[in-house]
Amino acid sequence: MTAHKSDLLRLLTERGYIHQATDASALDALAATSVVPGYIGFDATAPSLHVGSLVQIMLLRRMQQTGHKPIVLMGGGTSKIGDPSFKDEARKLLTTDMIAGNVASIQRIFDRFLTFGEGPSDAVMVNNADWLDKLEYIPFLRDVGQHFSINRMLSFDSVKLRLDREQSLSFLEFNYMILQAYDFLELSRRNGCRLQMGGSDQWGNIVNGIELARRIDGTEVFGVTTPLITTADGGKMGKTVSGAVWLHEDSLPAYDYWQFWRNTHDKDVGRFLRLFTDLPLDEIARLEALGGAEINEAKKILANAATAMCRGAEAAEAAAETARKTFEEGSAGEQLPTFSVPEGSIGIVDALLNLGLVASKGEARRLIKGGGARIEGDKVADENAIVTVGDAPVRLSAGKKAHGVLVR
């Protein structure tokens, strides 16, 4: 493998971020001699991003760590349409006020990962509504639309797979890739942006933007995509039985976030340490080589580092202490999910459901039937069992890793 000239490409390669790149040698040469402004777009379709977006956030962090300028592009304009990439159906359309609220909420997440300011490598956050909302339809079609081939657009996987499944793709959504390409053109003009990054599903959209900048302005810009992050058991990163793993503390408690990382599959520990923490590579190599029960210590280090980065050191320490009390001492930690039972008693099925340990009553009954439900460590055999709560909290468990506390 050719040695990289730039710290940026070297770091991204060593830590496993690169799936595809356009003219990697030219990008490497540019990054070795100048500050490269690079962007990633995030649509504001919810008040929080989830762990599935974390590899992209970390890409921007890696840019800043190697002296380059991260641009966080909030999709205030494109969120009004929704990216059709690998979606089974159209997204629900959001109002302008809902999108603005989501943008403000998401910005608080980025403050944890990046340093914003006016310096050469300080991050900036921009909103594509600033230019997309002002576009005039006929001039846009004439000046930009002429550079797009319908035949080529239909060949991109993000569109082709949707059509192959005979699922509806609205004209509104079909415009998304043109608008994303136009974002790259605007950012190259406004911010001197030379690089767009994204997940592997964004390759077609990124290539469109590169070609548009070249055709209209004659500007050379670049693209990098990351591999699809799946877990060792074949699951999608950030998808759990209980739902998405949100980055925002308002959407997911710090303990649950910590526990997500603590539950990492043994085979994923090294890869996740490289992608989602700042630990040195030699230390990561040592940790991923641990065998047997010792790998659990590496998982705790992963959980502590990932949680501290996203939620702060105090939240990570509190979550780790709760886990220690729960698993090592057998007591109920302070940050476990809690449900108040004012009447003093509750059915085991309802208790598991209200604590969020299961997604439905049917799942609760299956858990009990399979011997996975426990009250204070004792297996529950009867799905009609009643849990009585006195002055002391009562700890419920679903399997070995999910726990909650009933209080009066």
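**Close-up 1. R61, a buried arginine in a predicted model.** R61 is buried, with a relative accessible area of 17%; because buried means under 20% relative accessible area, R61 falls within that class. Everything shown here comes from a predicted model. R61 has its place in helix α3. Follow its side chain and you will find that it reaches the backbone oxygen of F113 at 2.9 Å.

**Close-up 2. The surroundings of R61.** Which residues does R61 touch once its neighbours within four places in sequence are left aside? The contacts are R112, F113, L114, D278 and M309.

Close-up 3. Helix α3 covers residues 54-65, and L60 is found in it. Is L60 buried or exposed? L60 is buried, with a relative accessible area of 0%. With its neighbours within four places in sequence set aside, L60 is in contact with G38, I40, F42, P70, I71, V72, F110, L114 and M197.

**Close-up 4. L60 and Y39.** These two residues are 21 residues apart in sequence. In space, L60 and Y39 are 7.6 Å apart, C-alpha to C-alpha.

**Close-up 5. Helix α12, an enclosed helix.** Why is helix α12 (residues 254-262) largely enclosed by the rest of the structure? Eight of its nine residues are buried, so the rest of the structure largely encloses this helix. The buried residues in α12 are A254, Y255, Y257, W258, Q259, F260, W261 and R262.

Key
Residues are numbered from 1 along each chain as its sequence is written. This is a predicted model: local features need pLDDT of at least 70, side-chain atom pairs count only at pLDDT 80 or more; totals for chains, interfaces and linings use all residues. Side-chain values use heavy atoms; hydrogens and water are left out. Helices (H or I, at least four residues) and strands (E, at least two) are DSSP runs, numbered from the N terminus. Buried means under 20% relative accessible area, exposed over 50%, partly exposed in between (1.4 Å probe, protein chains only). Contact means heavy atoms within 4.5 Å. A polar contact is a pair of N or O atoms within 3.5 Å; within protein, one must be able to donate a hydrogen and the other to accept it, and residues adjacent in sequence count only if both atoms are side-chain atoms.
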